[in-house]
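The following note sets out several points for a student who is examining this structure for the first time. Please read each point with the model in view.

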Protein chains: 2
Amino acid sequence: MKQKLPEPMLQALAEAEAAAARGEVPVGAVIVSPAGEIIASAGNRTLQHKDPTAHAELLAIRQAAQGVGSERLMNCDIYVTLEPCAMCAAAISFARIRRVYFAASDEKMGAVENGLRFFNHPTCHHVPEVYSGIGETAAQSLLINFFRLRR
Amino acid sequence: MKQKLPEPMLQALAEAEAAAARGEVPVGAVIVSPAGEIIASAGNRTLQHKDPTAHAELLAIRQAAQGVGSERLMNCDIYVTLEPCAMCAAAISFARIRRVYFAASDEKMGAVENGLRFFNHPTCHHVPEVYSGIGETAAQSLLINFFRLRR
């Protein structure tokens, strides 16, 4: 099934897989320029970086902003294997990202379609388009296998 | 009046002032160890770093986590000149910070006593104690002067 996924989501899944191999919760994120080029790609590194903010999305946003040379990623899209948390959803909004594609839902920490639903709140000043479920099965498998090994 | 403020808040205000001098929205944050020592101190650098996530709180959290050598800042406290936004509130919770002291309220972007009230939400798994209003006048003056010059 993986073959049918868009290239950036495949790469995000590969980042998630690499994160798991490092012992990190398997989440990956990829940012695509308005021209369709992948300009940032990162996996979760909270343990390795000893940084509670080193979620895949934040690392990818920082990488992309460095590349673009601006703190705003106008018309860029993000592909992420797990529903963003409140921290990452707010960062996505601050970065003015156009579209969010996420794979698996996160009932516990997600803040897009679950929990705080950050983008639906009146204090959210830039609201991206959201597409969910793309690559869900693959992303969920990575998470389930990761947590199964640890519990 | 400044003389009566706790030392970490005075330093956070100095960070905010330095941010304004760099052309950044004047917000400063300081993190204090359980022993009462200042272990991180940062001002907003979103423009300078070309990084939408470079809010004072996030920079201070990353700095403190590096120093402590852990992604968790157990029993540490944060002093910040402005009510944290959703991104920073979530990061504060992830970092397991014990107490949040903030100066000025932020009706537009704040997510502690305004807006999303992140720490009150059931999906917030670590809830710090919150103290607000300490240094409010000084923090507000910095913000008002900054925006007055730019509008």
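1. Helix α2 of chain A spans residues 56-68. Its 13 residues reach 18 Å from the first C-alpha to the last, close to the 18 Å expected at 1.5 Å a residue; the expected span is 1.5 Å times one less than the number of residues. Helices here are DSSP runs of H or I with at least four residues, strands are runs of E with at least two, and both are numbered from the N terminus.

2. The model is predicted: local features need pLDDT of at least 70, side-chain atom pairs count only at pLDDT 80 or more, and totals for chains, interfaces and linings use all residues. Residues are numbered from 1 along each chain as its sequence is written, chains are lettered from A and ligands numbered from 1 in the order in which they are written, and side-chain values use heavy atoms, without hydrogens and water.

3. Which residues of α2(A) are buried? They are Ala56(A), Glu57(A), Leu58(A), Leu59(A), Ala60(A), Ile61(A), Arg62(A), Ala64(A) and Ala65(A). Buried means under 20% relative accessible area, with exposed over 50% and partly exposed in between (1.4 Å probe, protein chains only).

4. The cover over these buried residues of α2(A) includes β1 (28-32), β2 (38-43), β3 (77-82) and α3 (86-94) of chain A, and also α2 (56-68) of chain B. Contact means heavy atoms within 4.5 Å. After α2(A) comes Gly69(A), with a positive phi near 80°.

5. Helix α3(A) is mostly covered, since nine of its nine residues are buried. Among them are Ala86(A), Met87(A), Cys88(A) and Phe94(A). Their cover includes α2, β3 and β4 (99-104) of chain A, together with α3 (86-94) of chain B. Arg96(A), which follows α3(A), has a positive phi near 60°.

6. Chain A as a whole contains four helices and five strands, in the order α-β-β-α-β-α-β-β-α from the N terminus. Its radius of gyration is 14 Å, close to the 15 Å that the globule rule gives for 151 residues, so chain A is as compact as a globular protein of that length. This radius is taken over C-alpha atoms, and the rule is 2.2 Å times the number of residues to the power 0.38.

7. Of the 151 residues of chain A, 54% count as buried. Among contacts in chain A with a separation of 6 or more, 56% come from residues 24 or more positions apart.
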